[in-house]
Amino acid sequence: MILYGTTHRVGDGVTTDDIIAPEQRSAGDPALLAAHCLSTLDPAIAEAAREGDVLLAGSEFGRGGDADSAVLALQALGFAAIVCASASPDFADTAAAYGLPVLICPAALEIAPGTIVRIDVAGGTIADRGSGKGYRTAPCPPALVE
């Protein structure tokens with residue numbers, strides 16, 4: 001599976017509470033989840049993100065409880081993949097169960113926000129379409145690719 005998307009960036013240590021605030025989790029409405037997703041970190045992301053975009057994140061992404069709500073909020077906002085330096089294993093497993101690839105690739109964090117990337121989730125490659133630079137990551141499991 002090949003994904004193309006525009007990148008958006010958040011920093012290190014982003015918790016599930018940062019992704020979607022606890023008081024917003026019970027909304028159940030994807031539009032409300034999308035509107036509040038990442039709003040405590042950067043409210044402009046919710047306005048700028050489009051279907052198929054890619055979130056670049058630092059280390060320890062997604063730590064904390066209720067990974068389900070966090071993954072659903074990211075998907076409601078339109079993110080097709082997360083590229084990060086490291087992620088909580090619970091978050092990565094939950095994201096995979098929902099079909100959201102979490103790719104661990106610290107080198108790819110040099111990609112600038114607003115850049116279009118091409119991600120081959122089955123092949124484990126990330127390409128910066130602006131600079132032409134490529135990055136290797138672990139391929140996603142076949143069940144996730146399907």
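**Positive phi angles and the strand 6 hairpins**

Good morning. In the hairpin of strand 5 and strand 6, with 4 residues between the strands, Gly124 adopts a positive phi near 75 degrees. Helices (H or I, at least four residues) and strands (E, at least two) are DSSP runs, numbered from the N terminus. This is a predicted model, in which local features need pLDDT of at least 70, side-chain atom pairs count only at pLDDT 80 or more, and totals for chains, interfaces and linings use all residues. Residues are numbered from 1 along each chain as its sequence is written, and side-chain values use heavy atoms, with hydrogens and water left out.

Strand 5 (residues 116-120) pairs with strand 6 in the antiparallel sense over 4 bridges; two strands pair if DSSP finds at least two bridges between them. Here Asp120 stands opposite Thr125 of strand 6.

On its other pairing, strand 6 is joined by 3 bridges to strand 7 (residues 134-136), and the two run antiparallel. Ile126 is opposite Tyr135 in strand 7. This hairpin has 5 residues between the strands, and Gly132 takes a positive phi near 80 degrees.

I turn now to residues other than glycine. Leu38, in the loop between helix 2 (30-36) and helix 3 (43-48), has a positive phi near 65 degrees. Leu38 counts as buried because its relative accessibility is 0%; buried means under 20% relative accessible area, exposed over 50%, and partly exposed in between (1.4 Å probe, protein chains only). Glu60 has a positive phi of about 60 degrees and is partly exposed, at 43%.
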